[in-house]
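Colleague: Please take a close look at one part of this model for me. I would like the open sheet and what surrounds it.

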Amino acid sequence: MNEHVFGAATLLDPNDPMGLRNDAPLLDAWIRDITAERTPFQIPGHKGRIDLTGPVVDGDIPVLPGNHPNRISPSLILEAEAIAAKTWGADLCRFGVNGSTGSNHAAVMAVAGPGDKVIVTRTLHKSMLVGMVYAGVEPIWVRPEINPMTGLPEYLPSSRLRETLEQHPDAKAVLIGEPSYVGTMSNIPRLSQVAHEFGIPLVVDAAWAAHFGFHPDLPLNPISEGADIVVTSAHKTLPSYSQASFVLAKAGYVDLARLNKAFDSTQTTSMSGRILASIDAARALISRHGAELIGPVIEATKAGRAKLREHGIGVIDGEYIDPLKLVILLADTGSDGNAIENELLAMNIDLEMANRDVIIPMITLADTPQRIESLVNTIIKLVEKFRGESRPISVSPAFSIEPVVIQNPRDAFFAEYEVVTASEAVGRVSAELICPYPPGVPVFSPGELITQAGFDALMEARDIGVRIAFVADPTLQTFKVLKH
């Protein structure tokens, strides 16, 4: 039995330092597997040997077919998913190994099909758009409010959603991303109420919200606030393996059997037992210790924001902000986030995001107050090093450009295209997804008109060092457009 005193562990089992396995069946099975003497005649091909390619494959075990109560198998996965569903108050939970990307694909296909309309906030991640391509749906875009003081999205007003649904009463679902990449949030209960008045589900891409609901200072998980499907990345804010994701759903406005079918179609048939076990372990950890782990980190992040403001450095703050999100605004300081990131990289400090005007270090329950304080002090020194004349706030084109939809995304995705020079692109219809990344929100999607405003904003973003992703030519010297 693992003995553990929180904050100072006596480790009898280094594979389970927090003593979680009794409440985490997949973690327990994974530990049993890696500590047993096995002679596998099954995939994966490394057979557990680390003398061939090294420890990169250590602990990688498959999901066994059939019913194996002490090995990671479909029946044991169902058991772990049922525990997770109960934890979050959902009717269904599914564990995924393709990240929130695959789970978003499933969510769209679960609520709409070819030719159906869906209401979609323009802060969506590109994976949701690809899900719309798979499903063959017609997006009806709605814009969140943009804060002119930061140039970043704030929230989707429920009145705007209602107006959109009144104009499109045949829509099959509402798809939103909450919280946004920068931690801002809408009023989920109000949006849910509006969607349900029209008899349709609210689907929330909550990739950044796996920790919500486990501390009194945090928002509730969207599933607790009326959302019908919630997609979450376990690996973003919880200590899970990369690619770990889960989907929560409630019956009523969602056909759970259809969601299961869609989910199974988007997952590999060779699931990683290690990734699945890490989801189970993270669920057990945050259920038992979430408040005590998260509390000090919230306080340290709050103190960090205050210290940055004392030095004339802007931050996003307020009631409708994820308390663990640290978004640092640089336009008023005249410093360049790209230069700051380069200095941090030289110190082996990696940021979640950096561009000229904004830097975002990712804060999670795995951080400590000391680490956060040290990072904030370092950032303050670097801002002072690069401080210059203040410049106007620049709104990201991902949040400012109004899309002009000419063709259904699916039809445009599979249509014939040609490559034109940048000087010929304006006025043509995009055949590809073009996103400043992060946050991965499209400026142009397949089937949308390349407007002059969008083109100019993309060029400006490129010129100030923003990475342009998912496009064939990230230099934007050429564009793929639909053939006339």
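Modeller: Start at one pair of residues. Asp 205 stands opposite Val 231 in β8. This is a predicted model, so read every value below as computed from it.

Now the strands around that pair. β7 covers residues 202–205, and β8 covers residues 229–233. Three bridges join β7 to β8, and the two strands run parallel. Strands of a sheet pair through backbone hydrogen bonds, either parallel or antiparallel.

Step back to the whole sheet. Seven strands form an open sheet, and their order is β1-β9-β8-β7-β6-β2-β3. The pairing is mixed. β1 (92–96) and β3 (138–142) stand at the edges. Each has a single partner strand, so one side of each lacks a neighbour in the sheet. From one strand to the next, the twist averages 20 degrees.

Helices come next. α3 (residues 99–111) packs on the sheet and touches β6 (173–177), β7, β8 and β9 (245–249). The direction of α3 makes about 170 degrees with that of β8. α4 (residues 126–135) also packs on the sheet. The strands touched by α4 are β2 (117–121), β3, β6 and β7. Its direction makes about 150 degrees with that of β3.

Then look at Gln 267. This residue lies in the loop between α8 (256–266) and α9 (273–310). Is Gln 267 buried or exposed? Its relative accessible area is 10%, and buried means under 20%, so Gln 267 counts as buried. The side chain of Gln 267 reaches the backbone nitrogen of Val 97 at 2.9 Å. Leaving aside residues up to four places away in sequence, Gln 267 touches Gly 96, Val 97, Asn 98, Gly 102 and Ser 103.

The peptide bond from Glu 178 to Pro 179 is cis, with omega near -5 degrees. Pro 179 is found in the loop between β6 and α6 (188–197). Gln 243 is found in the loop between α7 (234–237) and β9. Phi of Gln 243 is near 85 degrees, which is positive in a residue other than glycine. With 43% relative accessibility, Gln 243 counts as partly exposed.

Key
Residues numbered from 1 in each chain as written. Predicted model: local features only at pLDDT ≥ 70, side-chain atom pairs only at ≥ 80, totals over all residues. Heavy atoms only, no water. Helix = DSSP H or I, 4+ residues; strand = E, 2+ residues; numbered from the N terminus. Buried < 20%, exposed > 50% of the residue type's maximum accessible area, 1.4 Å probe, protein only. Polar contact = N/O pair within 3.5 Å; in protein donor to acceptor, adjacent residues only side chain to side chain. Contact = heavy atoms within 4.5 Å. Pairing = 2+ DSSP bridges. Axes fitted to C-alpha atoms, helices over the stretch in contact; angles between N-to-C directions.
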